[in-house]
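Hi everyone, thanks for coming. I'd like to walk you through one protein chain today, going from a few single residues out to the whole fold. Have a look at the picture first.

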Amino acid sequence: MDLISLDDVRAAADRIRGSVVRTPLVPAPWADPERPLWIKPENLQAIGAFKVRGAFNAIAALDHPTRAGGVVAYSSGNHAQAVAHAAAHYGIRAWIVMPEETPPVKVAATRTWGAEVVLCGAGERERVAEQLVADTGAVLIPPFDHPDVIAGQGTIGLEIAEDLPGLDVLLVPVSGGGLASGIGTAVKALCPRARVIGVEPELAADTAAGLAAGRRVDWSITDRNRTIADGLRSQPSELTFAHLRHVLDDLITVSEDDIRAAVRELAVRAHLVAEPSGAVALAAYRAVGTPAGRTVMVLSGGNVEPALLAELLAG
């Protein structure tokens, strides 16, 4: 299977420059001195999450006649908002399929960008999206199973390598695998000594199981929906799993209590709002004991329901 390259990521960076925020590396002075920590706050993107990078790259890469026909996406929220935002930027229609259990804040935000939201039952979003493509003639922009989406997410890795070339450890959330695949490709090419470590919830640890088995392992949607990290309930595709096997040095799983504590720490110590999915890298840093050295954690998103955030902050 063909994997993306550093050149693909650099081409993506050229396409999306000016359309996304070049997020800084924020130092965490309260962290372990033997593991100095920097935060890559992708919650500062216009849609509150890293997904905007892949969406803009995938849509920008389409030729003009194809792009004019509009786009379809399916997502539990952040990719939905990203595609809706990018479609609005290009003045094209967008149909977004979202599971009925998606947090209302993410559904409302997607509609704010002018997209048509189609709600569906658990495990039905791919089928519904395929039907929309057939009915509308629009192009499907998948949340992770596409080289242009993966390359777009990889631009985060370019920025990290530029800002901290002496990086030792990178902690990145894993779900469908597009984020870790893209970032890992860039970081491994530019900082070959760095350890790239994926993080996922114990209650949605299908990737950990798959890497241990040497093949993709299927977990039911019912099992994966148990985690509070609603953005980490997807499973890798054949494409992203091949990337993950190539770029990850390790994969750590974290408990629900660890995730909740990490959301609180990011809010109180870093003054950054993280959704549970966006906080898992800090959960791994705190609860598991990651390797010594200069460490970067990717805060992948901050789209959290206000009531849930209040509950998490209250402890």
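Let me start with a question: is L244 buried or exposed? L244 is buried, because its relative accessible area is 0%; buried here means under 20% relative accessible area, exposed means over 50%, and partly exposed is in between, with a 1.4 Å probe and protein chains only as cover.

Before I go on, a word on where this comes from: it is a predicted model, in which local features need pLDDT of at least 70 and side-chain atom pairs count only at pLDDT 80 or more, while totals for chains, interfaces and linings use all residues. Residues are numbered from 1 along each chain as its sequence is written, and side-chain values use heavy atoms, with hydrogens and water left out.

Back to L244, then. You'll find L244 in helix α11, residues 238-247. Helices (H or I, at least four residues) and strands (E, at least two) are DSSP runs, numbered from the N terminus. Setting aside residues up to four places away in sequence, L244 touches V174, G177, A180, S181, T207 and P236, where contact means heavy atoms within 4.5 Å. One of these, T207, is 37 residues from L244 in sequence, with 9.0 Å between the two in space, C-alpha to C-alpha.

Next, please find T295, in strand β10, residues 295-299. T295 counts as buried because its relative accessibility is 0%. Beyond four places in sequence, its contacts include R35, P36, L37 and W38, along with L167, V169, L171 and Y285.

Now for two loop residues. E42 sits between β2 (37-41) and α2 (51-60), and at 0% relative accessibility E42 counts as buried too. Which residues does E42 contact, leaving aside neighbours within four places in sequence? They are T23, G48, A49, F50, R53, I156, L299 and S300.

S76 counts as buried because its relative accessibility is 18%. Beyond four places in sequence, S76 is in contact with residues including M98, P99, R125 and D230.

For contrast, look at H271, in the loop between α12 (256-269) and α13 (280-289). H271 is exposed, since its relative accessible area is 67%. Most residues other than glycine have a negative phi. In H271, phi is positive, near 60 degrees.

Let's zoom out. The chain holds 14 helices and 10 strands, and 58% of its 315 residues count as buried. Among contacts between residues at least 6 apart in sequence, 73% join residues at least 24 apart. Its C-alpha trace spans about 55 × 40 × 40 Å along the principal axes.

Finally, the record. An unreviewed UniProt entry annotates residues 19-301 as "domain: Tryptophan synthase beta chain-like PALP"; UniProt positions are in the numbering used here, feature names are shortened, and annotations may be inferred rather than shown by experiment. Over residues 19-301 the chain is 44% helix and 17% strand, with the end C-alpha atoms 17 Å apart.
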